[in-house]
Amino acid sequence: MNDCIFCKIAAGEIPSTTIYEDDDFRVILDLGPATKGHALILPKKHYADITEIPEDLLSRAAVLAKKIVTFMMKALPCDGYNVVQNNGEAAGQTVFHFHIHLIPRYNGDGAGVTWKPGTLTDEAKKEILEKAKDLK
Ligand code: 5GP
Ligand code: ZN
């Protein structure tokens with residue numbers, strides 16, 4: 001993916017504020033942070049989203065998220081963490097190279113990683129339960 005900015009950042013071709021790196025991942029500070037310490041886990045290989053990334057790499061990304069959150073909770077310190085992962089334009093994905101947002105939360109920070117609760121209707125429940133029968 002020659003034109004993918006996160007491929008270039010992950011490969012070290014474009015400078016970034018890297019807080020962690022191993023053979024498979026680079027973890028960088030987000031340029032437009034929701035809060036102080038907002039970081040992104042980037043796989044070094046290109047996968048557009050969660051549907052493309054192989055399961056073993058996805059598992060390791062989750063373990064890495066745990067490691068970094070656990071460390072940074074104490075190091076920053078912060079009061080909580082949102083672990084966010086957007087897929088598709090409708091979900092707010094703007095860079096189409098899989099990444100996980102690690103967003104430190106501070107009491108009263110007002111960061112908007114939230115939604116207005118709707119209502120689970122009987123119709124929606126029935127429809128989704130019916131479709132989920134094919135889930136294996
Ligand atoms: P998305 O909206 O795709 O889930 O998240 C993309 C994130 O990447 C955004 O939070 C944005 O601030 C961040 N971002 C976009 N371009 C760059 C960049 O060149 N460097 C860094 N460090 N972050 C970036
Ligand atoms: Zn890429």
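This is a predicted model: local features need pLDDT of at least 70, side-chain atom pairs count only at pLDDT 80 or more; totals for chains, interfaces and linings use all residues.

Modeller: Let's start with T35, which sits in the loop between β2 (25–29) and β3. T35 is buried, because its relative accessible area is 8% and buried means under 20%. So who touches T35? Setting aside neighbours within four places in sequence, T35 is in contact with I103, P104, R105, Y106, D109 and A111.

Now step over to the strands. β3 pairs with strand β5 (residues 100–105) in the antiparallel sense, over three bridges. A39, for one, has L102 in β5 as its bridge partner. Zoom out and you'll find an open sheet of five strands, paired antiparallel, in the order β1-β2-β3-β5-β4. β1 (18–21) and β4 (80–84) are at the edges with a single partner strand each, so one side of each has no neighbour in the sheet. On average, neighbouring strands here are turned by 20° against each other, ignoring direction. Lying across β1, β2, β3, β4 and β5 is α2, which runs at about 40° to β2.

There's a metal to look at, too. The zinc ion (ligand 2) is held by C4 (SG), C7 (SG), H46 (ND1) and H97 (ND1), at 2.0 to 2.3 Å. Its site is tetrahedral, with angles of 106 to 117° among the four donor atoms. C7 is buried, with a relative accessible area of 14%, while H46 is partly exposed at 21%.

Notes. Residues are numbered from 1 along each chain as its sequence is written. Chains are lettered from A and ligands numbered from 1 in the order in which they are written. Side-chain values use heavy atoms; hydrogens and water are left out. Donors are N, O and S atoms within 2.8 Å of the metal (3.2 Å for Na, K and Ca); water is not among the atoms, so sites may look incomplete. Four donors count as tetrahedral if all angles lie between 85 and 135 degrees; four count as square planar and six as octahedral if opposite donors are over 155 degrees apart and all others between 65 and 115; anything else is irregular. Buried means under 20% relative accessible area, exposed over 50%, partly exposed in between (1.4 Å probe, protein chains only). Helices (H or I, at least four residues) and strands (E, at least two) are DSSP runs, numbered from the N terminus. Contact means heavy atoms within 4.5 Å. Two strands pair if DSSP finds at least two bridges between them. Axes are lines fitted to C-alpha atoms, for helices over the stretch in contact, and angles run from 0 to 180 degrees between N-to-C directions.
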